[in-house]
Amino acid sequence: MSPFEHHRVRANGINMHYVQAGEGPCVMLLHGFPETWYAWRHQIAPVAARYRVIVPDLRGYGATEKPATGYDKRMMANDIRDLLRVLDIEKVAIIGHDRGARVGTRFVKDHQDVTTCFAALDNIPTKVIFENMNAEVAQAAWVFLFQGIRDLPEALIQGREELWLRSILTSWTYNPHALSEDTLSVYTKAYSQPGGLRGAFEDYRAWRSDFEQDKSDASTSIGCPVLSLWGADYEAAKMVDMAAIWSAMTPKLQTLAVAQSGHLPHEEQPDQVTAALLNFLDQFHRST
């Protein structure tokens with residue numbers, strides 16, 4: 001397998017950065033917060049040994065453009081749909097973590113015709129969070145509320161990106177030393193660039209639109225096979241029944257709780273997560 005390559009293309013009106021590796025049926029890996037494409041560094045090579053892997057920076061993140069608007073999940077899913085069109089890809093398996101799983105959920109509902117299967121990693125859907133909001137949920141999901149405020153988060157965090165990221169990432173991982181200093185430096189550099197904070201926060205500020213979009217087709221099941229995978233030791237995931245949440249959204253569900261993992265299972269327990277993803281992909285995507 002050749003090393004992965006970095007590319008830029010214009011899709012859905014913005015300049016998108018993505019990483020590509022491998023050949024065969026396409027697998028799209030969508031990162032979460034506070035990450036970039038780099039979150040999938042452990043999965044790219046083994047998945048690319050069997051598939052063509054496309055790993056974009058989402059709108060507002062990493063090396064992708066950070067426009068002032070367009071952060072509702074339908075628009076962000078359309079970014080991915082147009083990226084596939086530009087790359088002349090007709091079918092795709094979507095794997096998303098956190099924010100990427102929100103984009104992925106909207107994608108598989110809006111673009112069922114091009115989706116073969118969908119894996120959502122450690123994601124409680126926006127609709128579920130805000131329909132069950134109380135003091136306990138608010139404390140666990142504090143980033144939704146704080147980062148949804150206009151302007152103030154940027155003013156408080158700018159120049160302190162490393163401190164902010166270290167606090168979030170160490171509190172969200174089962175082992176607070178799971179991520180190396182080099183990894184923290186990669187993310188710090190990404191969020192310290194011009195617009196790096198604003199892009200991520202605009203993603204959170206779109207929650208009202210996301211909530212309305214989720215409510216509008218809540219009765220529509222996801223038609224493709226779905227894998228819901230989460231960190232068994234992430235406190236927010238312990239507050240809900242993840243299997244029940246996702247079984248209400250699709251009749252074709254597989255689940256996996258990853259032991260000794262917090263919110264970042266693909267980075268904390270990469271071998272176990274990669275094996276689970278390949279097993280899932282081989283069931284539903286390999287023959288397309």
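Arg106 is buried, with a relative accessible area of 2%; buried stands for under 20%, exposed for over 50%, and partly exposed for values in between (1.4 Å probe, protein chains only). The model is predicted, and local features need pLDDT of at least 70, side-chain atom pairs count only at pLDDT 80 or more, while totals for chains, interfaces and linings use all residues. Residues are numbered from 1 along each chain as its sequence is written, and side-chain values use heavy atoms, with hydrogens and water left out.

Arg106 takes part in a salt bridge with Asp214, in which the closest N and O atoms are 3.4 Å apart. The term salt bridge denotes a side-chain nitrogen of Lys or Arg within 4 Å of a carboxyl oxygen of Asp or Glu. Since Asp214 lies in helix H11 and Arg106 in helix H3, the pair ties together parts that are 108 residues apart in sequence. Helices here are DSSP runs (H or I, at least four residues), as are strands (E, at least two), numbered from the N terminus. Asp214 counts as buried at 18% relative accessibility. Both residues belong to a network of salt bridges that also links Arg74, Lys109, Asp110 and Asp217.

The structure holds 21 salt bridges. In another of them, the side chains of Glu267 and Arg41 meet at 2.7 Å, N to O. Glu267 is in helix H14 (residues 265-268) and Arg41 in helix H1 (residues 41-48), so this pair joins parts 226 residues apart in sequence. Glu267 counts as buried at 4% relative accessibility, whereas Arg41 counts as partly exposed at 21%.

Attention now turns to the nonpolar residues. In soluble globular proteins, nonpolar side chains tend to be buried together. A nonpolar core is a set of buried Ala, Val, Leu, Ile, Met, Phe, Trp, Tyr and Cys residues joined through side-chain atoms within 4.5 Å. The largest such core has 66 residues, and Phe107 is among those with the most contacts inside it. Not counting residues up to four places away in sequence, Phe107 touches residues including Ala77, Ile80, Leu84 and Val114 (contact means heavy atoms within 4.5 Å). A second, separate core of 26 residues includes Trp37 and Val273.
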